[in-house]
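Please take a look at the model below.

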Amino acid sequence: MNERFEGTEEVAPARSSLGEFSVGDDEALAALVNIIAVLADNEYFLGRRVSEWADAAPLLETSVACAAIAQDKLGHSRALYPLLEELPWPNPPAGLRDETDRRRRYCVSFLDEPFPSWSHVVAALALVSPGVDVVLGAVSGSRYEALARRARRILEEERLTATYAEGLVRQLCGVGRGRERLQERVDELLPEMLLWFGPEGEGGIEALRREGLVSMGNEQMRQEYLSRVVPPLEEAGVRLPVRWEEGEKRWEYGELPWERWNRLQRRLEEKGERTVW
């Protein structure tokens, strides 16, 4: 989060104000712009990918649900992108109307291409959407009220999506080779989602915490995320390379491939061999 955005050469006027809201230093302002771009891009690309299955889902009701979820996700991105223009940061990432509008993406690499199978849709709703919700929860009490207000509204709308995604996991795991297919997607996506919250003590997130702009640190968000996604997946028979340490009251997840993680765009740089846990 310390890198400059594409095309940004001048130093941000970080100590300027936006109405009654102001940010104390450049690092916090850069991190705030980054976290908004990351949230908006992941909502945008998840909405795009789900929309592509609105007429191809296995059942009529799932097609209808895909259309509704896609509309929600795209609407969330449209609510978040204007904040990038409001903040006193030169040349922020542009809001997307089409996925080719901007070269640099701030979404997880799993969302780069159209999903080739229904198991990709289910995995994305089961793993990407909860990650976005965790970060939205961390900014829902932000001192930047424009962001906090949007986060609270999005989270209210996300309740039905979260419940529906858990149902899709059970449904897919109950038919044919569905569990096997979902297992493959989870093995592929989970490491990137765990990376997505950043290394513990990351400078940008700590700057946001000092400014009262987020309520949780990197590891707190990762632990909250695992508490949300592990139970429904394990109940459906999906194996996860994590374990709950009762003595320490935390999830253990092994080493992550930080060497392949882009901290600015919060995504894997390239596909690699499956992470060894």
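Arg 105 sits in the loop between α2 and α3; helices here are DSSP runs of H or I with at least four residues, strands are runs of E with at least two, and both are numbered from the N terminus. This is a predicted model, in which local features need pLDDT of at least 70, side-chain atom pairs count only at pLDDT 80 or more, and totals for chains, interfaces and linings use all residues. Residues are numbered from 1 along each chain as its sequence is written, and side-chain values use heavy atoms, with hydrogens and water left out.

Is Arg 105 buried or exposed? Its relative accessibility is 17%, so Arg 105 counts as buried. The cut-offs are under 20% relative accessible area for buried, over 50% for exposed, and partly exposed in between, with a 1.4 Å probe and protein chains only. Leaving aside neighbours within four places in sequence, Arg 105 is in contact with Asp 41, Phe 45, Arg 49, Glu 99, Asp 112, Gln 265 and Arg 267, where contact means heavy atoms within 4.5 Å. Arg 105 and Asn 42 are 63 residues apart in sequence, yet their C-alpha atoms are 9.0 Å apart in space.

Now turn to His 120, which belongs to helix α3. With a relative accessible area of 11%, His 120 is buried. Not counting residues up to four places away in sequence, His 120 touches Phe 110, Phe 115, Arg 185 and Glu 188.

Asn 91, in the loop between α2 (60–86) and α3 (118–139), has a phi near 55°, a positive value in a residue other than glycine. At 41% relative accessibility, Asn 91 counts as partly exposed. Lys 249, in the loop between β3 (243–245) and β4 (250–252), likewise has a positive phi near 55° and is not a glycine. Lys 249 has 52% relative accessibility and therefore counts as exposed.

Next comes a helix pair. Two packed helices are described by the angle between their axes and the distance between the axes. The axes of α1 (residues 26–51) and α6 (residues 203–210) come within 8 Å and cross at roughly 105°. These axes are lines fitted to C-alpha atoms, for helices over the stretch in contact, and angles run from 0 to 180 degrees between N-to-C directions. α1 and α6 are therefore roughly perpendicular to each other, a label for angles of 65 to 115 degrees, whereas under 35 is roughly parallel, over 145 roughly antiparallel and the rest oblique. On the α1 side, Glu 27, Ala 28, Ala 31, Leu 32 and Ile 35 take part, meeting Gly 203, Gly 204, Ile 205, Ala 207, Leu 208 and Arg 210 of α6.

Finally, step back to the whole chain. The protein chain has seven helices and six strands, and from the N terminus on its elements run β-β-α-α-α-α-α-α-α-β-β-β-β. Of its 277 residues, 57% count as buried. Among contacts between residues at least 6 apart in sequence, 73% join residues at least 24 apart. Along its principal axes, the C-alpha trace spans about 60 × 45 × 35 Å.
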